[in-house]
Amino acid sequence: MNAHILLQQLVNGVVLGSVYGLIAVGYTMVYGIIGMINFAHGEVYMIAAYLTAIFLAALTLLGIQSPPVVILMVLILTMAVTALYGWSIERIAYKPLRHSTRLAPLISAIGMSLILQNFVRIAQGARNQGIPTLLDGGVRLMENGPEQFVQITHAQILIVVTAIVSMGALWYLIQGTAMGRACRAVQQDRTMAALLGVDTDRIISVVFVLGASMAAVAGTLVTFNYGSFDFFIGFVTGIKAFTAAVLGGIGSLPGAMLGGLVLGLSESIFSGFVNTDYKDVFAFSLLVLVLIFRPSGLLGHPEVEKV
Amino acid sequence: MAEILSVRDLTMRFGGVVALNRVGFDVRKGSVTALIGPNGAGKTTVFNCLTGFYRPDAGAMRLMGADGVPLDLMELMGRPFQGSDWVSPRSFARRLYCKMFGGAALAARAGVVRTFQNIRLFKEMTVMENLLVAQRARVDNRMVSGIFQSSGYRRAEAEALERAWYWLDFFRLSEDGNRLAKELAYGRQRRLEMARAMCAAPRLLCLDEPAAGLNPNETRELADWILALRRGHGVTVCLIEHDMGLVMEISDHVVVLDHGQVIASGRPERVRDDPVVLEAYLGAPEGAEEGV
């Protein structure tokens, strides 16, 4: 086994895992609070990629050139608008179905996903789009020869650092503030929280806004890294992130982060050493295995019966 | 004394079953009113209607507001539109607001807070967090002020914490502040549920079988607490209870329900000797086919 390839794939895996984790957080939080899988969440990520390109173009038109400023501004603007998308999706597609059967919002989510995909396809065209590279270069470690090195690009460093910072901020928000306390209360017993005067609809909206912002972080970072995207990228990435959420234990915030990391690492190691074409097969097989031996996921609690 | 709550003709059906049939009673401000009756009489359904848990089919529920203006609880919970709602833009706007945002949370903010027969705590949260969540009116729930820890936010949190400690001391739970709610013993969980309800600053506290599962000593303490709440904190208490000793001891007014109807109401000693009530509890005196 080649140590350089292993290390390189570990680096790639952590980067991929951070992206999965950021998106998985949205799935797991929404599931935790209203018990549904928000299938439109992948599209939110896709929209964030488009918004990144739009804001990048706008800032360039305004003459702002400095990469750090551009990256930060694009990130903030994309998060804000994507959060608005998340909020609207909940208000339009899920809130009216709050008191209906469990299946109804699920169908509505699939519909929402199709609507968003096709909206983007019509508005932006079906062709693959791209943005210029903002961050190039990187650091090479353990270099001993032209083919023998481990490369970490600056964009990869940006992804991991931003992911850690935003996950930290989210963790603090949920565990350390009054709003997060209300979120956790609504997650545990929505009716009881309402009976104590907590505005549960507002808390649910907040959760969608937070989930969408985290997906926006992922969308922006990935776009900065790869530079190309189309209207369909939300589907596969969404499914992968959902897998990560289930792997880590859906409903659990650290579970989503861990699940993303495990999935990203195993995918890149598999594609580095075995076969790139079958990496998705490996990822989903891993999910199957985990669910057989630990049905509630890596960090999930066994289903507690709700009164 | 003025009525804090008046219920008139409250009717609730589940399919063909009439759970409540034109139930009416009053709760006077500062009193302890007990709702009693055999199992299935509709006592808990009354509570569920009062707190917005269910939407009653018909009837009226009025709660006297803190400012002396009566609040229509049915409206707060978002009852369907009626012809009269369209008359003035103001009443229409209010109806629309309640329809969109109404429900249990508005009833709770109006001051109706309840506990449950099977305790419903936020089990994965600490005792203290349970009490802080209930103080919705006091704490600053906004995301931005939470992230930046604004001075208003910190002040609100400090006040909420102080208030929570007060009720922890009151219900003798102060040493459990940092434990998870699910780790507490049953009797303590019951006390925590009452402490949490008190943190929500109720004007009408609805206790659903607060003595269920408690031993005689704990029931004794409970009676003292309820009386202290009423005397020292101006809380009006409405309770459902099967422990007749407790009911007779602490309540000022007793309402007896059977098959979804009020069959008697009045002072505890009068209700206790009422033949209709005895029959509902024990069956007909002679030749009765049905048992208890």
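**Two helix pairs in a predicted model**

Student: Hi! In which handedness of crossing does helix 7 of chain B pass helix 8 of chain B, left-handed or right-handed?
Tutor: Hello! Helix 7 of chain B passes helix 8 of chain B in a right-handed crossing. Keep in mind that this is a predicted model.

Student: OK, and at what angle do those two pack?
Tutor: The angle is about 140 degrees, and the axes are 9 Å apart. Helix 7 covers residues 151-170 of chain B, while helix 8 covers residues 186-199 of chain B.

Student: Why are they called oblique to each other?
Tutor: Angles over 145 degrees count as roughly antiparallel, and this pair packs at about 140 degrees. Helix 7 of chain B and helix 8 of chain B are therefore oblique to each other.

Student: Which residues meet there?
Tutor: From helix 7 of chain B you have B:Arg163, B:Ala164, B:Trp167 and B:Leu168, and they meet B:Ala195, B:Met198 and B:Cys199 in helix 8 of chain B. By class, that contact has six nonpolar residues, one charged and no polar.

Student: Switching to chain A: how do helix 10 and helix 11 cross?
Tutor: In chain A, the axes of helix 10 (residues 253-273) and helix 11 (residues 279-293) come within 9 Å and cross at roughly 140 degrees. That makes helix 10 of chain A oblique to helix 11 of chain A. The crossing of these two is right-handed.

Student: And what residues of helix 10 of chain A touch helix 11 of chain A?
Tutor: A:Leu263, A:Ser266, A:Glu267, A:Phe270 and A:Ser271 in helix 10 meet A:Lys279, A:Phe282, A:Ala283 and A:Leu286 in helix 11. Sorted by class, this contact has five nonpolar, two polar and two charged residues.

Key. Residues are numbered from 1 along each chain as its sequence is written. Chains are lettered from A and ligands numbered from 1 in the order in which they are written. This is a predicted model: local features need pLDDT of at least 70, side-chain atom pairs count only at pLDDT 80 or more; totals for chains, interfaces and linings use all residues. Axes are lines fitted to C-alpha atoms, for helices over the stretch in contact, and angles run from 0 to 180 degrees between N-to-C directions. Helices (H or I, at least four residues) and strands (E, at least two) are DSSP runs, numbered from the N terminus. Angles under 35 degrees count as roughly parallel, over 145 as roughly antiparallel, 65 to 115 as roughly perpendicular and the rest as oblique. A crossing is left-handed if the near helix is turned anticlockwise from the far one by less than a right angle, and right-handed if clockwise. Two residues are in contact if their C-beta atoms, placed from the backbone, lie within 7 Å. Ala, Val, Leu, Ile, Met, Phe, Trp, Tyr, Cys and Pro count as nonpolar, Asp, Glu, Lys and Arg as charged, and the others, Gly among them, as polar.
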